[in-house]
Amino acid sequence: MRLPPRCAIALAGLTALLAFGCGAENDEAPGGCLEGESAYLDALRDAPGRVRLAGETPISGCLAENQGGGELAIVGAAMVKAATRLNGEARTDPGGPAPLRLGYLLGAADRGAERTGGIHADLIRRLEAAALYNPGVRPLPPAFERAYRRGFEAGFARG
């Protein structure tokens, strides 16, 4: 049985729409990822333990595989602002919790970016620059480096 041209076009359009809708799952970050810098900073208080945005989303889950530019900009800006704030706190108090939280954020972001075909490479470079910014090019204190490394490893493993 042959479909009239209008029906065939409508059926093809519906099929394409359903296929696009099914694929969107891997293209979008969960809502907790879009709540800004404070959501990341609040979640990172639990580092190196179970860090979750909105109680359920690991930071790595915010970097989606075919993420749209607008969403990537929102997630990226929040992460970079959080890293910048943590860097300032870490430079003020290298023995405090900020270096560990900063490392966790970077480790979790690396974990998420690892599976997205390179679309988050620029974000990772920006995060690294924000995390390790060191005016005057003084050596980072050993306490900072140890805590940062511990956080990075935990974030990469569980974030």
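View 1. Helices are DSSP runs (H or I, at least four residues), numbered from the N terminus. The model is predicted: local features need pLDDT of at least 70, side-chain atom pairs count only at pLDDT 80 or more, and totals for chains, interfaces and linings use all residues. Residues are numbered from 1 along each chain as its sequence is written, and side-chain values use heavy atoms, with hydrogens and water left out.

**View 2. The buried residues of H3 pack against H2, H4, H5 and H6.** They are Glu-71, Val-75, Gly-76, Ala-78, Met-79, Ala-82, Ala-83, Leu-86, Asn-87 and Ala-90. Buried means under 20% relative accessible area, exposed over 50%, and partly exposed in between (1.4 Å probe, protein chains only).

**View 3. Tyr-40, Ile-59 and Met-79 touch the most other members of the largest nonpolar core, which has 39 residues.** At least two residues of this core come from each of helices H2 (37-43), H3 (69-92), H4 (98-113), H5 (121-132) and H6 (142-158). H4 gives the most, with nine residues. A nonpolar core is a set of buried Ala, Val, Leu, Ile, Met, Phe, Trp, Tyr and Cys residues joined through side-chain atoms within 4.5 Å. Not counting residues up to four places away in sequence, Tyr-40 touches Cys-33, Leu-53, Ile-59, Cys-62, Val-75, Ala-78, Met-79, Ala-82 and Leu-105. Contact means heavy atoms within 4.5 Å.

**View 4. Gln-67 is a buried residue with a relative accessible area of 7%.** Gln-67 is found in the loop between H2 and H3. Beyond residues up to four places away in sequence, Gln-67 touches Asp-27, Ala-29, Cys-62, Leu-72, Val-75, Ile-119 and His-120.

**View 5. H4 passes H6 in a right-handed crossing.** The axes of the two helices come within 6 Å and cross at roughly 35°. Among the residues that meet are Leu-100, Gly-103 and Tyr-104 in H4 and Phe-144, Tyr-148 and Gly-151 in H6. The residues of this contact divide into 13 nonpolar, four polar and four charged.

**View 6. Ala-121 of helix H5 counts as partly exposed, at 33% relative accessibility.** The C-alpha atoms of Ala-121 and Asp-110 are separated by 9.1 Å, and the two residues are eleven apart along the chain.

How values were computed:
Axes fitted to C-alpha atoms, helices over the stretch in contact; angles between N-to-C directions. Left-handed = near helix turned anticlockwise from the far one by under 90°. Nonpolar A, V, L, I, M, F, W, Y, C, P; charged D, E, K, R; others polar.
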